[in-house]
Amino acid sequence: MAKLIDALINRRTMIETGLLAGAGATLTPWAMASDQSSLPVIKKKIPSTGEEIPVMGIGTNAFRGDNYPQLRDVLKRMHELNGNVIDTAAMYGDSEAVIGKALAELGIRKQMFIATKFNAEGVRRPGPSPGAPLPDGGPGGPPPRGAPPLDSVYGEASFERSLMRLQTDRIDLMQAHFLSSVEPLMPLLQRLKKDGKIRYFGI
């Protein structure tokens, strides 16, 4: 019995080794390189304009002021690797302010594509009935620590606050944060685009 088990283990090890070797042989040299900075950035065109942006960006809902030096270095490295899409939101606590400060210090605002979000007055995230215990920031629950109450993240005042915190005069992509915010915010989004304060809007 012991010999049979040894034979099965050896056979499985040999198969696994062969599969790994085969996989390695099919990888292109750049995919195996340890220096990721030489890898190409995959981009896709925005249909309405043909502008190309990377298909992946950085999410910043955990950006906080007490980690500022490290977060600035993350954005600096992202820029060095030819990434430029930064996703944030009015309700992400310090996020917009951290991003604005870092991009201003690094002098790279014009090279970055900033997407931020807001929601309509009185709109709450869908979820369980009020009073149900939920983790901080969970669906239907309170916003993350440090974020303004959801009812205060809305409309033109929220947009102007985002401009100020991001230290910019124009947002690349302004989005309605929740589906329930789309209808009340659409006239404002259209006007902001017409006025040149946003380049694109979305959901």
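Mentor: Let's begin with a term: pLDDT is the predictor's confidence in each residue, from 0 to 100. This is a predicted model, where local features need pLDDT of at least 70, side-chain atom pairs count only at pLDDT 80 or more, and totals for chains, interfaces and linings use all residues. Residues are numbered from 1 along each chain as its sequence is written, and side-chain values use heavy atoms, leaving out hydrogens and water.

Trainee: What pLDDT does the protein chain average?

Mentor: At least 70 is the score of 66% of the residues. Over residues 17-27, however, the value is below 50. Where pLDDT is low, the predicted coordinates should not be read in detail. The average for the protein chain is 79.

Trainee: Which strand has the highest confidence?

Mentor: Helices (H or I, at least four residues) and strands (E, at least two) are DSSP runs, numbered from the N terminus. Confidence is lowest in helix α2 (residues 29-32), with a mean of 47. At the other end, with 98, is strand β4.

Trainee: How many residues of strand β5 are buried?

Mentor: Buried means under 20% relative accessible area, exposed over 50%, partly exposed in between (1.4 Å probe, protein chains only). One side of β5 has F113, A115 and K117, the other I114, T116 and F118, and all are buried. For residues 113-118, then, the count is six of six.

Trainee: Which residue of β6 is the bridge partner of A115?

Mentor: Two strands pair if DSSP finds at least two bridges between them. β5 and β6 (residues 171-176) run parallel, joined by four bridges. In β6, A115 is partnered by L173.

How values were computed: Contact = heavy atoms within 4.5 Å.
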